[in-house]
Amino acid sequence: MPRARTPEERSADPAAIQMLKLAEESGLSTAFSRADTMSPCPIGADGLCCKNCFMGPCRVVKEGQVGVCGATVETIVARNFARAVAAGAAAHSDHGRDMAFTLKAAATVKGSDYKVRDPYKLYSMAETLGVPVDGRSVEEIASDVADIAIAQFGQQTGEVAYIKRAPAKRQKLWRELNYVPRGIDREVVDVLHRTHMGDDQEPDHILDAAIRCALSDGWAGSMLATDISDVLFGTPSPLVGQANLGVLKHDEVNIVVHGHEPTLSEMILAATGDPELLEYASSKGAKGINLAGICCTSNETLVRQGVPSAGNFLHQELAILTGAVEAMVVDVQCIMQALVPLSEKFHTEVITTSPKVKISGATHIEFDEHHAMQIARQIVRRAIDNFANRGETHIPDVSSDLVAGFSHEYVNYALGGVLRGSFRPLNDAIAAGRIRGVVANIGCNNPRVTQDWQHRYLVTEFLKNDVLVVQTGCGAIASAKEGYLLGEAALEYAGPGLREVCEAVGMPPVLHMGSCVDNSRILTVLSQMASEGGLGDDISDIPAVGMAPEWMSEKAMAIATYAAASGAYVIMGTTNPVKGSEEVSRLISEGWRDKFGGRLEFITDPDEILQNTLAHIDERREALKLPKYDASKWGKSGDARMLELVELPFAERQAALYGEMV
Ligand code: SF4
Ligand code: MSK
């Protein structure tokens with residue numbers, strides 16, 4: 001058994017370290033301690049265990065060994081990869097389906113608690129989906145948009161509609177390679193069928209189906225989820241917030257929402273401001289009702305409403321350990337079963353709300369979009385009633401300020417203004433070399449590696465190297481906790497060129513773009529950058545890299561695959577689920593690069609991730625015939641330079657300014 005790691009080895013976050021020490025002193029287990037006592041199965045970890053029929057499971061570990069049916073290592077590894085992609089795509093996309101049903105309810109149910117908050121986003125969806133808008137009410141348009149969105153899931157032939165948002169060159173390539181998804185559910189079923197015992201047994205062919213399935217997630221299910229969430233709850237624009245366990249309050253009722261869907265959490269947020277419930281909380285001795293988030297429900301409510309984030313994936317148990325959480329309200333995905341036995345040691349009530357998710361021992365209050373506010377109020381009232389049961393609390397005094405909410409619409413506006421919103425200034429900054437390239441650093445925490453350490457290390461190095469970082473999911477919360485989502489971070493961490501751009505535009509060097517379904521926003525940004533010109537005409541031309549250094553979820557596999565198929569170089573850290581097959585590793589790397597210009601690699605060494613990323617960015621710059629990246633050319637303008645100059649004696653300052661102007 002591996003030795004138990006110290007709290008400092010388990011997490012880079014000071015709040016987490018405090019709570020992990022408390023857990024040890026109290027003899028309570030967490031995902032961190034369980035990861036130390038449960039070594040991963042080395043055969044499964046490398047993708048070499050097949051459980052696809054009951055002649056097995058077959059473990060193919062010796063040279064030339066095959067399964068009972070004769071399946072080779074390559075087939076088994078490819079099938080396992082494809083099944084993980086399908087599960088991830090199903091989870092993301094089913095979230096999109098539920099959002100579409102909520103939109104339908106908002107449009108058609110009289111007195112619905114949901115309304116269209118962003119009609120402009122609705123019009124943009126209508127345009128893509130071919131819904132007429134002239135002379136029609138918002139509700140009529142929303143109803144038709146919802147119907148077509150719902151139909152995208154069960155569509156059997158043709159092409160999913162959002163594919164047309166990709167660069168023209170990429171669409172053509174996908175059509176030639178037969179990668180265009182026909183319908184979302186169809187592609188998930190297709191992968192499950194062809195990976196059943198006795199079906200598709202050619203690794204490259206299996207991986208092609210995984211790509212089509214992943215694209216149905218990125219360019220359909222997830223993109224619909226993002227768009228409809230914006231229509232219903234507002235398209236994000238920058239707002240201030242806080243992150244980490246210190247956002248929990250000693251003297252207020254704390255409700256933590258966790259999972260991925262904004263539908264119920266938005267209603268709970270509204271209920272926490274209800275004067276009657278506030279009065280009720282006061283009657284129970286609480287000074288107020290405090291809502292905080294965990295994981296991507298947190299990201300959804302943070303980027304739109306500024307609801308504070310109590311932390312990322314590995315903070316879910318730590319929040320309960322504070323003893324200050326009256327209710328943890330969970331919806332779907334990334335919810336650890338361990339929450340319930342842990343909550344029993346405290347007064348916290350874990351409340352499941354999704355028709356798809358029940359956990360033994362948790363309270364189940366099922367969400368129904370037709371009675372959303374009523375259910376939200378019921379949950380808030382239960383949390384208030386539970387306040388009196390609170391015992392000793394240990395809330396770490398650790399939190400960071402942040403600015404979040406960088407939707408692609410806002411980035412477009414910030415760079416070009418209302419009348420000439422455009423990605424041109426970003427493209428120009430990359431072309432000139434002020435910004436060396438772009439990294440999308442996304443994804444989860446994984447207790448097998450030190451929480452947040454790889455996110456922090458890589459983001460710090462990228463900023464130093466003038467690489468603009470965009471983030472979603474738990475990676476974004478890791479940066480929030482570090483203070484990287486503030487404008488001041490550009491002064492402290494960014495290289496000279498990136499700093500100048502951040503100062504000119506007034507943006508942080510790390511842009512929080514939302515939850516894990518919102519990686520679709522990154523696809524849109526990349527498409528618009530490709531369409532803008534100056535950086536080639538396809539996503540594969542752009543000096544950009546995607547990565548998930550601390551990933552753990554099947555959804556991350558789907559994201560990595562659709563990003564690679566969209567033309568990006570994608571790196572996944574932590575572990576390598578295709579390690580068992582050199583052939584599959586080659587196919588998803590050089591094989592995909594040769595076929596469609598993107599590739600996927602699993603690299604566990606953070607320094608290698610860093611070097612490969614910078615090398616790829618520089619190689620793309622060279623291919624575009626852009627000037628070689630040279631940090632020494634920048635830093636002679638912007639606020640930092642002005643601050644330096646005011647320190648100089650008058651004559652020297654004039655000389656410096658005059659010299660720089662000629
Ligand atoms: Fe074994 Fe083949 Fe069945 Fe897989 S499908 S479990 S390799 S017999
Ligand atoms: S919540 S999928 S741990 S990002 Fe989206 Fe975080 Fe990964 Fe879940």
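Q: Which backbone oxygen lies 2.7 Å from a polar atom of the Ser343 side chain?
A: The backbone oxygen of Val340. A polar contact is a pair of N or O atoms within 3.5 Å; within protein, one must be able to donate a hydrogen and the other to accept it, and residues adjacent in sequence count only if both atoms are side-chain atoms.

Q: What am I looking at, and how is it numbered?
A: This is a predicted model: local features need pLDDT of at least 70, side-chain atom pairs count only at pLDDT 80 or more, and totals for chains, interfaces and linings use all residues. Residues are numbered from 1 along each chain as its sequence is written, chains are lettered from A and ligands numbered from 1 in the order in which they are written, and side-chain values use heavy atoms, with hydrogens and water left out.

Q: Where is Ser343 found?
A: In helix 15, residues 339-343. Helices (H or I, at least four residues) and strands (E, at least two) are DSSP runs, numbered from the N terminus.

Q: Is Ser343 buried or exposed?
A: Ser343 counts as buried because its relative accessibility is 5%. Buried means under 20% relative accessible area, exposed over 50%, partly exposed in between (1.4 Å probe, protein chains only).

Q: What is Ser343 in contact with, leaving aside neighbours within four places in sequence?
A: Ile320, Thr348 and Val350. Contact means heavy atoms within 4.5 Å.

Q: Switching to Arg381. Which helix does Arg381 lie in?
A: Helix 16, residues 372-386. Arg381 is partly exposed, at 32% relative accessible area. Leaving aside neighbours within four places in sequence, Arg381 touches Glu276, Leu277 and Tyr280.

Q: How many bridges between strand 11 and strand 14?
A: Four, in the parallel sense. Strand 11 covers residues 437-441 and strand 14 covers residues 544-548. The bridge partner of Asn441 is Met547 in strand 14.

Q: Last topic, ligand 1. Which residues come nearest?
A: Cys50, Cys53, Cys58, Cys69 and Met197, of the 13 residues around ligand 1. A residue is near a molecule or strand if one of its heavy atoms lies within 4 Å of it.

Technical notes: Pairing = 2+ DSSP bridges.
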